Amino acid sequence: MAYELFSRRGIRAVGVNELIERSGVAKATFYRHFPSKDSLVLAFLERRDKQWTEDSIISKARSKGSTPVEQLLAIFDVLGDWFQQDDFEGSAFINVLLEMGPSHPLGQASIDYLAKVRGHVRGLAEEAGLARPEEFSRSWHILMKGSITSATEGDLQAAQRAQQMARWLIEHHRA
């Protein structure tokens, strides 16, 4: 319930009283599990990382490609499928970072989760033998975040556009 509310409406637009009411638990029970709204948001971000980054994007991309390069490119196939879904709502990590700012603990947590995404990409780049994998992963992540933002604007072909640029990036980083 909190997951859906935060995903759809953001952090500030969802109040603690609404969360307690929707959850159907007593206020004391809610606060026993989550001493603050921020602690609940951190749990939301952790769940989002597990479900979205690891179980969806990375896992599906790895299963779609037989080589690390194919798996990297498949990230954009997975994103493209996501963009077509009725429940597509953009990146929670980007949204929370922009809403809360980088100096807020929730913004910092979002930065940390975004770094984990880059870490997955860097690992694939290393497996593919690409030169300068850290630089590559930062550039690749820009393409991922840009395609998510463009899809949020309504460009449902954003993943395919990013994938075209990604092919150039791979060639640029071949050792």
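Me: Which residues does Ser-137 touch, not counting residues up to four places away in sequence?
Reply: In this predicted model, Ser-137 is found in helix α8. Residues up to four places away in sequence are not counted here. What remains as partners of Ser-137 is Arg-118, Val-121 and Arg-122.

Me: Is Ser-137 buried or exposed?
Reply: The cut-off for buried is under 20% relative accessible area. Ser-137 has a relative accessibility of 0%, so this residue counts as buried.

Me: Which residues of α8 are met by α7?
Reply: Happy to list both sides. From α7 come Leu-114, Val-117, Arg-118, Val-121, Arg-122, Ala-125 and Glu-126. By class, the residues of this contact of α7 with α8 divide into 8 nonpolar, 2 polar and 6 charged. On the α8 side, the residues are Pro-133, Glu-134, Phe-136, Ser-137, Arg-138, Trp-140, His-141, Met-144 and Lys-145.

Me: How are α7 and α8 oriented to each other?
Reply: Two packed helices are described by the angle between their axes and the distance between the axes. Here the axes of α7 and α8 come within 8 Å and cross at roughly 125°, and the crossing is right-handed. An angle counts as roughly perpendicular from 65 to 115 degrees and as roughly antiparallel over 145. α7 and α8 are therefore oblique.

Me: What lies in the loop between α7 and α8, and is Arg-132 buried, exposed or partly exposed?
Reply: Arg-132 has its place in that loop, and its phi is positive, about 50°, although Arg-132 is not a glycine. Buried means under 20% relative accessible area and exposed means over 50%. With a value of 40%, Arg-132 is partly exposed.

Me: Let's move to another pair. How are α4 and α7 oriented to each other?
Reply: Helix α4 covers residues 37–64 and helix α7 covers residues 105–127. Their axes come within 10 Å and cross at roughly 15°. As angles under 35 degrees count in this way, that makes α4 and α7 roughly parallel.

Me: Is the crossing of α4 and α7 left-handed or right-handed, and how many charged residues does the contact have?
Reply: The crossing of α4 and α7 is right-handed. Among the residues that meet are Asp-38, Leu-45, Glu-46 and Arg-62 in α4, and Ala-109, Tyr-113, Lys-116 and Glu-127 in α7. By class, the contact of α4 with α7 has 9 nonpolar residues, 3 polar ones and, to give the number you asked for, 7 charged.

Me: Which residues does Leu-45 touch, not counting residues up to four places away in sequence?
Reply: Leu-45 is found in helix α4 and, at 0% relative accessibility, counts as buried. From C-alpha to C-alpha, Leu-45 is 9.8 Å from Ser-7, although the two are 38 residues apart in sequence. The residues that Leu-45 touches are Ala-92, Phe-93, Val-96, Leu-106, Ala-109, Ser-110 and Tyr-113.

Me: How many of the 16 residues of α5 are buried?
Reply: At 1.5 Å a residue, the 16 residues of α5 (residues 68–83) should span 22 Å, and the end C-alpha atoms are 23 Å apart, which agrees. The buried residues include Val-69, Leu-72, Phe-76, Gly-80 and Trp-82. α5 is largely enclosed by the rest of the structure, because the number of buried residues is 12.

Definitions and conventions
Residues numbered from 1 in each chain as written. Predicted model: local features only at pLDDT ≥ 70, side-chain atom pairs only at ≥ 80, totals over all residues. Heavy atoms only, no water. Axes fitted to C-alpha atoms, helices over the stretch in contact; angles between N-to-C directions. Helix = DSSP H or I, 4+ residues; strand = E, 2+ residues; numbered from the N terminus. Left-handed = near helix turned anticlockwise from the far one by under 90°. Contact = heavy atoms within 4.5 Å. Nonpolar A, V, L, I, M, F, W, Y, C, P; charged D, E, K, R; others polar. Expected span 1.5 Å × (residues − 1). Buried < 20%, exposed > 50% of the residue type's maximum accessible area, 1.4 Å probe, protein only.
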